[in-house]
Structure formats: C-alpha cells, structure tokens
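Welcome! Please take a moment to look over the sequence and the 3D view before reading on.

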Amino acid sequence: MNPARLDLTMRLARELGVLDGAETLRPSQPSDGELLRVHTPGYIAAVRDPHGRVEHGLGTDDNPVFAHMHEASAILAGGSLAAARAIASGAARRAVNIGGGMHHAMSDHAAGFCVYNDCAIAISWLLDNGFDRIGYVDVDVHHGDGVQRAFVGDPRVLTVSIHQHPATLWPNTGWPAETGFGDAEGSAVNLAVLPGTADALWLRAFHAVVPGALRAFRPQIIVSQCGVDSHREDPLADLNLTVDGHRAAFRAIRDLADELCEGRWLSTGGGGYGVTRVVPRSWTHLLATVLDVDVPVDTPTPEPWREAARAVAESASPELMLSAEAPETMGDGGEVDFEPWSGRSDPLPLSAVTQIDKAERDLARIDAAIADTRDNVFPLLGLDPDDPRD
C-alpha cells in the first residue's frame with residue numbers, strides 16, 4: 001500500500017496529458033457521522049486512539065498501527081464521498097478516487113490493509129441521496145468481502161465480485177453459492193477463477209456473468225473497485241492478467257455504465273502491489289477510461305516518469321523487492337481478444353483430462369466457473385443460466 005503507487009500514477013497520467021482539463025477535488029475529512037454509516041462507534045474510537053490495541057483487527061501484520069491512522073484512513077473515505085456527491089449533484093457523470101477501494105474493512109474491524117470501507121460508505125450515502133438501485137463491481141484479485149457483508153441483506157445493492165478462487169486465496173470468501181439473504185437473495189454475485197487465469201479467459205468469464213447480472217438489476221449508478229493485484233507480476237496473488245487486460249476490464253465497466261446508468265460511474269482503486277511497474281500504468285488507464293482519453297498500449301512511458309519509478313524502486317526497503325526496471329510502454333503485450341461464452345458444454349470425463357492440452361483444460365475450467373456462478377445466481381435474477389443471451 002506504499003503511497004508511492006498514487007504519486008507515480010498521478011505523475012504518469014499528468015505527463016501523458018491524461019489529466020489535461022480534468023477537474024480535481026480536494027476531499028474533506030468526513031465526520032464520524034459519515035463513518036458511522038458503515039462502522040461502529042467502538043471501532044472508530046479504537047482507530048482514533050489505537051496505541052497498545054490488538055483488537056478490532058488493529059496492530060496486526062496486515063493492519064499495523066501508525067501515526068494519524070484515523071485521519072489518513074478517513075480522508076480516503078472522504079475522496080469517495082466527494083466523488084459520490086459530484087455525481088449525485090450532476091456536476092459529473094463519472095468520478096474516480098484511486099486512493100479508495102478499501103473493500104475489506106468490516107463494520108467493527110480492519111482487514112486486508114483496509115481501515116475504513118470507503119466503497120460501502122459512498123454507497124450508503126448514495127442510497128440516502130436519490131439512488132435506490134446501485135451496482136457494485138469489484139475486479140480486485142481478492143473477494144470484495146467487506147462491501148458484500150455491508151449490503152448482503154439489502155436488495156437495493158447488487159454486489160458483483162470477480163476474484164481468485166477462495167480455496168486458493170485470502171479472505172477465502174466469495175464462493176458462487178454466496179448470493180445474498182432474505183429479500184436480497186440474488187443481490188450478491190461471485191465469480192471465482194482459478195490461479196493462472198490470463199486476460200482472454202478472465203474477460204470471457206467477466207462478459208459471461210457481469211453484463212447479464214447488471215442488466216437484470218438495472219442499476220442507476222455503478223460503483224467499481226478496480227484493484228489491479230490480478231496482474232501476473234503481483235506478489236500477493238496468482239492470476240495472470242496484464243495491464244492490457246486491466247484496461248479492457250475498465251473499458252467494459254465504462255460501457256456498461258453508459259448503457260445502463262446514463263454514464264454514472266464512481267470508480268475507486270484498491271489492491272495492487274506492483275508499486276512501480278504495474279499500478280501506475282493500470283490506474284493511468286483507469287483515469288483515461290473515466291475521462292474518455294485513449295492511451296494506446298504501445299504508448300511509450302515518458303523518460304522523466306521512468307526515472308521517478310526507478311528512484312522509488314531503488315530507495316524502497318528490501319522486503320518490497322521492487323524491480324528497478326521501469327516499463328517502457330503502457331502495455332504488456334497481453335492478449336485481450338477472447339471468444340465469448342456461447343453456452344454450457346458437456347463436462348470433460350476424468351479419463352480425458354490428461355489427454356487434452358493446457359489451453360483446452362484452462363478453457364474447460366473457466367467455463368466451469370462461469371456455469372457455477374450462473375447456476376447459483378442467475379435464476380434468482382430471473383435469468384436463464386444456460387442461455388448466453390442472458
């Protein structure tokens with residue numbers, strides 16, 4: 001979570017001209033009342049005065065205590081609230097807070113580097129300010145557990161998360177059978193993909209599930225968490241996406257917002273631990289996508305930015321293991337063309353598994369993941385799990 005991620009992103013976006021003419025907002029510190037939309041009073045008090053505590057998830061390796069933790073964590077929520085207000089007022093159709101995306105924070109404890117859940121706080125504010133159908137799309141490699149937990153019983157919010165399979169990665173939630181409770185049954189959509197999944201198959205899965213679920217729900221606004229720890233170089237996970245795949249995913253979310261929500265889209269950052277090589281490029285593509293600026297993947301990265309990235313890598317503590325080799329272009333040469341899912345295929349017999357090549361095996365596995373999610377949640381949304389048109 002090194003804040004150099006954010007600085008290098010903004011530097012790169014500025015040097016490429018992505019932010020030319022864009023309006024930026026300085027977020028204000030949210031009140032405790034805004035934080036209480038999601039978090040308990042006892043937890044907020046603990047974050048404000050955490051010294052010596054090992055409760056509420058604080059003081060752990062993932063969530064160490066640090067100076068001004070409350071103020072620093074709250075201002076991230078303030079950024080997402082500022083984005084929500086800008087969209088709700090009509091001042092903007094789209095807004096992005098790359099410092100946000102703290103989707104693991106729970107009502108009464110910190111988790112997964114996340115202290116205050118800015119995504120859930122912004123969604124709660126939107127529900128009180130003119131919106132009653134909100135679609136949340138989470139493409140971080142880890143399950144968006146904190147946001148799902150916050151709204152798992154609220155039929156006004158559809159949470160959609162595509163993530164590495166919970167049997168293989170923390171927080172070990174986000175199984176396809178998690179679909180919501182009570183009147184909100186069908187409001188949680190979880191698409192779990194296996195380690196090693198690369199761009200084309202990830203995008204096949206995304207397009208087989210996410211558009212259909214959102215179209216059935218008919219959201220008035222999309223809130224997205226755009227973590228980029230699904231990248232093949234990320235040290236904390238095992239997917240195989242590239243910066244090119246991230247760019248394709250962001251564009252798909254934007255297109256869905258344009259189709260379903262008159263363009264209303266609030267996007268946040270999130271995970272991503274390729275501090276110099278991955279996050280700045282992927283989130284520059286996110287900023288460009290929000291602003292309708294085209295940055296081709298073969299665009300060279302500016303030399304002054306590469307020097308800044310190398311300086312961050314060389315000055316980082318050894319345990320971060322940052323590569324001093326700065327990327328020279330805005331893409332990785334990823335393969336983002338994919339064959340759309342066209343319906344259920346017969347499962348491979350066990351005797352055939354060892355007789356097919358890796359590409360066929362990977363395709364069979366991603367199609368099994370698609371079928372698992374569609375079988376669990378599509379009927380609850382009034383959709384046919386076997387019909388590729390849904």
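How many aromatic pairs does the count come to? This is a predicted model, and the count comes to three aromatic pairs, with ring centres within 6.5 Å as the cut-off.

## Aromatic pairs

Let us start with Tyr 43 and Tyr 116, an edge-to-face pair whose centres are 6.1 Å apart, with 80 degrees between the planes. Tyr 43 belongs to helix α3 (residues 41-48), while Tyr 116 is in the loop between β1 (94-97) and α5 (118-127), so the pair ties together parts that are 73 residues apart in sequence. Both Tyr 43 and Tyr 116 are buried.

Another pair is made by Trp 202 and Phe 206, which are stacked at 5.6 Å centre to centre, with 20 degrees between the planes. These two sit four residues apart in helix α7 (residues 199-217), so about one helical turn separates Trp 202 from Phe 206. Trp 202 and Phe 206 are buried as well.

## A charge over a ring

Now look at Arg 133: its charged end sits over the ring of Phe 217, 4.3 Å from the ring centre.

## Helix α10

Helix α10 (residues 303-315) has 13 residues and reaches 18 Å from its first C-alpha to its last, close to the 18 Å expected at 1.5 Å a residue.

Which residues of α10 are buried? They are Trp 305, Arg 306, Ala 308, Ala 309, Val 312 and Ala 313. Seen down the helix axis, the buried residues of α10 fall within an arc of 160 degrees, so they line one face of the helix. What covers them includes α1 (4-15) and α9 (279-290). On the other side of α10, Pro 304, Glu 314 and Ser 315 are exposed.

Note on methods:
Residues are numbered from 1 along each chain as its sequence is written. This is a predicted model: local features need pLDDT of at least 70, side-chain atom pairs count only at pLDDT 80 or more; totals for chains, interfaces and linings use all residues. Side-chain values use heavy atoms; hydrogens and water are left out. Rings of Phe, Tyr and Trp (its six-membered ring) pair if their centres lie within 6.5 Å; planes under 30 degrees apart count as stacked, over 60 as edge-to-face and the rest as tilted. Buried means under 20% relative accessible area, exposed over 50%, partly exposed in between (1.4 Å probe, protein chains only). A charge sits over a ring if NZ of Lys or CZ of Arg is within 6 Å of the ring centre and within 35 degrees of the ring normal. The expected span of a helix is 1.5 Å times one less than its number of residues. The arc is that of the directions from the helix axis to the C-beta atoms. Contact means heavy atoms within 4.5 Å.
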